[in-house]
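Visitor: Please take me through one part of this model in detail. I would like to follow the strand pairing and whatever links it.

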Amino acid sequence: MLLAAVVIFVGVVATHFGGYPHWSDDSAVPVDGRAHRVAVEGDRPLMIWTFDRTPTCTARDDSGAEVPTEAPSGTYRRDGGPADWVGFTVLRPSSDSVEVTCRGIHPSSRSIVLVESVPRMPASMAGDCPEVWVAVGLAGAGVLTLLATVLIAVRPLRRTPPGR
């Protein structure tokens, strides 16, 4: 059980449980009012992240059709050093790439947004590191296993009388 816990913990730390992978340099989009192409990996929806004031962003697929946007199902936050990144828009593109255009609150503002896959974890759990939730689950499983072992060890043994 201990070995399994260590292996699972290391695996989660290495992959981040599909929650927050490392940012890709290709996912950065300047907030400059111009269109920038972003590759879409797989068929998961995309989330636009910002650490600055929320810009206005639109997206178009390969055919030029506007990709509908929606608000995320919760508040996604991700540590970004001096400021947290916040996911503010979800896109569900139907093509292999999207063209994202973002405008800032003021034309002279220079900022970036990041366009990445929506984390697999629910927003309520994503604020904490995924490692925390795995550790809590493994600790709970360990406590239940220990409790079951103690109960089995202390229960009275039923002895059958000789000759039966």
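Guide: β2 and β8 run antiparallel to each other, paired over five bridges. In this predicted model, Val-38 sits opposite Val-98 of β8. The pairing belongs to an open sheet of three strands. Its order is β2-β8-β4, and the pairing is antiparallel. The edges are β2, residues 35-39, and β4. Each edge strand pairs on one side only. From one strand to the next, the twist averages 30°.

Now the disulfide. Cys-57 and Cys-102 form it, with their sulfur atoms 2.1 Å apart. That separation falls within the 2.5 Å cut-off for a disulfide. By this rule, the count is one disulfide. Cys-57 belongs to strand β4, residues 56-60. Cys-102 belongs to strand β8, residues 97-103. The pair therefore ties together parts that lie 45 residues apart in sequence. The torsion about the S-S bond is about 115°, so this disulfide is right-handed. Cys-57 and Cys-102 are both buried.

One more buried residue deserves a look. Thr-89 lies in strand β7, residues 85-91. Its relative accessible area is 10%. Buried means under 20%, so Thr-89 counts as buried. What does Thr-89 contact, leaving aside neighbours within four places in sequence? The partners are Leu-46, Met-47, Ile-48, Thr-69, Glu-70 and Pro-72.

Notes:
Residues are numbered from 1 along each chain as its sequence is written. This is a predicted model: local features need pLDDT of at least 70, side-chain atom pairs count only at pLDDT 80 or more; totals for chains, interfaces and linings use all residues. Side-chain values use heavy atoms; hydrogens and water are left out. Helices (H or I, at least four residues) and strands (E, at least two) are DSSP runs, numbered from the N terminus. Buried means under 20% relative accessible area, exposed over 50%, partly exposed in between (1.4 Å probe, protein chains only). Contact means heavy atoms within 4.5 Å. Two strands pair if DSSP finds at least two bridges between them. Axes are lines fitted to C-alpha atoms, for helices over the stretch in contact, and angles run from 0 to 180 degrees between N-to-C directions.
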